[in-house]
Amino acid sequence: MYKKIPIYQQLAELLREKIEKGEYAFGSSLPSEREIAETYELNRMTVRKALDLLEKEGLLVRIQGKGTFINTPKIDTRLDTIQSLGKFLTQMGISVTNRVLYCGRRKADYKFSKIFGVSPEDEIYQIFRLRLGNGEPFALEYSYVPFAYINDCEQYDFKVYSLHDLYDKHGIVLMEDHQQLEIVTVHNPQAKLLDLPEGGQVFMLTNVSIDKDGRVIEYTRSYHSSKKFSFSTIMS
Amino acid sequence: MSKYTQLLSEQAREKIEEYIDRQKIAPHTALPAERELAKILNFNRLTLRTALRQMRDEGAIYTIHGRGNFLSSPKYLEDSKSFISYTAGWESDGYQVHSKQISLKVMEATKRISDKLDLPLGTPVYELKRVRYLDGNALFLETAYLPIKYCEGLHNYRFENRSLYKTLETEYHIKLVRQNHVISVAALTREESAYLEAPEGTSAFFIRGVTYDDTGRAVEYCVSLNRADLYAITSCLVPE
């Protein structure tokens, strides 16, 4: 018995496979709706529905008057090992740049005194950055670290350096990373920064890093463009 | 919106979270009206509204038209290190698990399925489609593909309240030891959102995994759509 899957979904599946296999080169344009309809002997409404689905998944980008383009490939980020996002991307041959949106000291206050186990009067340092790979936005990061652990941080240019560089310098060794991955909606200005439409869906990763002495070192909330990222894990 | 304003709404959000925590507001309880909250927390109303919108976007609160904002119950958390479709894991955490079997069919492996299972195109496979519920909430829409030759007769079982993995182990002596997942984002189609009792277009985790037994065979290719408004994935990582 064959399962009756709607035709547009079958077409979407077929196109998705071709894209993932690299039959349509990334960055190049897909054949026109009319051409696809002719090739597979389907009506244009069906083709359009299939393309809508793939556009929603971030595989295609449709530019009015120009055509339909294959979106850049997704990067598989390992959810099961600690890594610095910057290092990971660099290892993949992607040049990482950062835009610092804000950095500065502030009091821990209620929320962060609980997270870090410090007094609400103690100072923390916050860094908000947009991470770009090959010039395209990948992630928006909001990081918080108790100031005392990295007390010379104000001398660093976080456009160039990452927190991990600072940890190395201060002899901080991260032992555990507790992460929570969610899917959330973003609006402007965050959507715009990530080059996504208003109301777009992104991965939100909340990260609490603990060092070998059990101290909570860093709390980071980051928004990862679902156009650019998928996450993978290996369970064994 | 300037970055200064964004900083303000981040601060407002923290203050709202502090208020919720200090007042010990329980899930599904209403928050004070926006105007009142702005007065209590001493924030400009527009800033507060932005903060509330972000909390709504992230599922921390929900709004009932005409009745205000309510605190959401926490999302169901699943450790990324557990297998997709692992009934025993949820049960041991104290959740009530039940399933609705949508279909259990025989089909020929498509290109994707045969690639994932490392089998020739057209190999007969079972396709088991289920909706899984936690505490009565429809959360997961799962489709599992298994080569018939590894588990002949699987169609004689009903997988409503029976664990697939347990059945593979006890009836077919297949010990599953490893699974790779890839996690992406998808928007639920009309059919999918109907099964999951969610509004059409709700976001979902789109998780695809291949499960291997202890002889290294790919035994299952599983595709799961998990409601992103009710569920999140956790992991505890250690250095490589």
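In chain B, among contacts (heavy atoms within 4.5 Å) between residues at least 6 apart in sequence, 61% join residues at least 24 apart. For chain A, the share among contacts between residues at least 6 apart is 56%. This is a predicted model, in which local features need pLDDT of at least 70, side-chain atom pairs count only at pLDDT 80 or more, and totals for chains, interfaces and linings use all residues. Residues are numbered from 1 along each chain as its sequence is written, chains are lettered from A and ligands numbered from 1 in the order in which they are written, and side-chain values use heavy atoms, with hydrogens and water left out.

### The chains

Let us begin with the overall make-up. Helices (H or I, at least four residues) and strands (E, at least two) are DSSP runs, numbered from the N terminus. Chain A comes to 7 helices and 10 strands, and chain B has 7 helices and 10 strands. Buried means under 20% relative accessible area, exposed over 50%, and partly exposed in between, with a 1.4 Å probe and protein chains only. By that rule 53% of the 236 residues of chain A are buried, and 55% of the 240 residues of chain B. The C-alpha trace of chain B spans about 65 × 35 × 35 Å along its principal axes.

UniProt, in an unreviewed entry, places the feature "domain: HTH gntR-type" at residues 6–74 of chain B. UniProt positions are given here in the numbering used for the model, feature names are shortened, and annotations may be inferred rather than shown by experiment. That span is 55% helix and 12% strand, and its end C-alpha atoms lie 25 Å apart.

### A sheet built from both chains

Now to the sheet. Its 8 strands form an open sheet with mixed pairing, in the order β4(A)-β5(A)-β6(A)-β9(A)-β8(A)-β7(A)-β10(B)-β3(B). Two strands pair if DSSP finds at least two bridges between them. The edge strands, each pairing on one side only, are β4 (96–107) of chain A and β3 of chain B. Direction ignored, neighbouring strands are turned by 20° against each other on average. Helix α5 (residues 109–116) of chain A packs on this sheet, where it touches β4, β5, β6 and β9 (216–225) of chain A. The direction of α5 makes about 115° with that of β9(A); axes are lines fitted to C-alpha atoms, for helices over the stretch in contact, and angles run from 0 to 180 degrees between N-to-C directions.

Strand β10 (residues 231–237) of chain B is mostly covered, with 6 of its 7 residues buried. On one hand, 5 bridges join β10(B) to strand β7 (residues 174–186) of chain A, and these two run antiparallel. Asp177(A) stands opposite Leu237(B), and Gln179(A) has Ser235(B) as its bridge partner. On the other hand, 4 bridges join β10(B) to strand β3 (residues 76–79) of chain B, and this pair runs parallel. Here Asp79(B) is the bridge partner of Thr234(B).

### Aromatic rings

There are 19 aromatic pairs over all chains. Rings of Phe, Tyr and Trp (its six-membered ring) pair if their centres lie within 6.5 Å; planes under 30 degrees apart count as stacked, over 60 as edge-to-face and the rest as tilted. Two of the pairs are set out below.

| Pair | Type | Centre to centre | Between planes |
|---|---|---|---|
| Tyr125(A) and Phe147(A) | tilted | 6.4 Å | 50° |
| Tyr145(B) and Tyr221(B) | stacked | 6.0 Å | 20° |

Tyr125(A) lies in strand β5 (residues 123–133) of chain A and Phe147(A) in the loop between β6 (136–146) and α6 (163–169), so this pair ties together parts that are 22 residues apart in sequence. Both Tyr125(A) and Phe147(A) are buried. Tyr145(B) sits in strand β6 (residues 137–147) of chain B and Tyr221(B) in strand β9 (residues 218–227), so that pair links parts 76 residues apart in sequence. Tyr145(B) and Tyr221(B) are buried as well.

Chain A also has an aromatic cluster, whose members include Tyr102(A), Phe112(A), Phe128(A) and Tyr223(A).

In chain B, the charged end of Arg178(B) sits over the ring of Tyr212(B), 4.3 Å from its centre, and that of Arg217(B) over the ring of Tyr150(B), 4.1 Å from its centre. A charge sits over a ring if NZ of Lys or CZ of Arg is within 6 Å of the ring centre and within 35 degrees of the ring normal.
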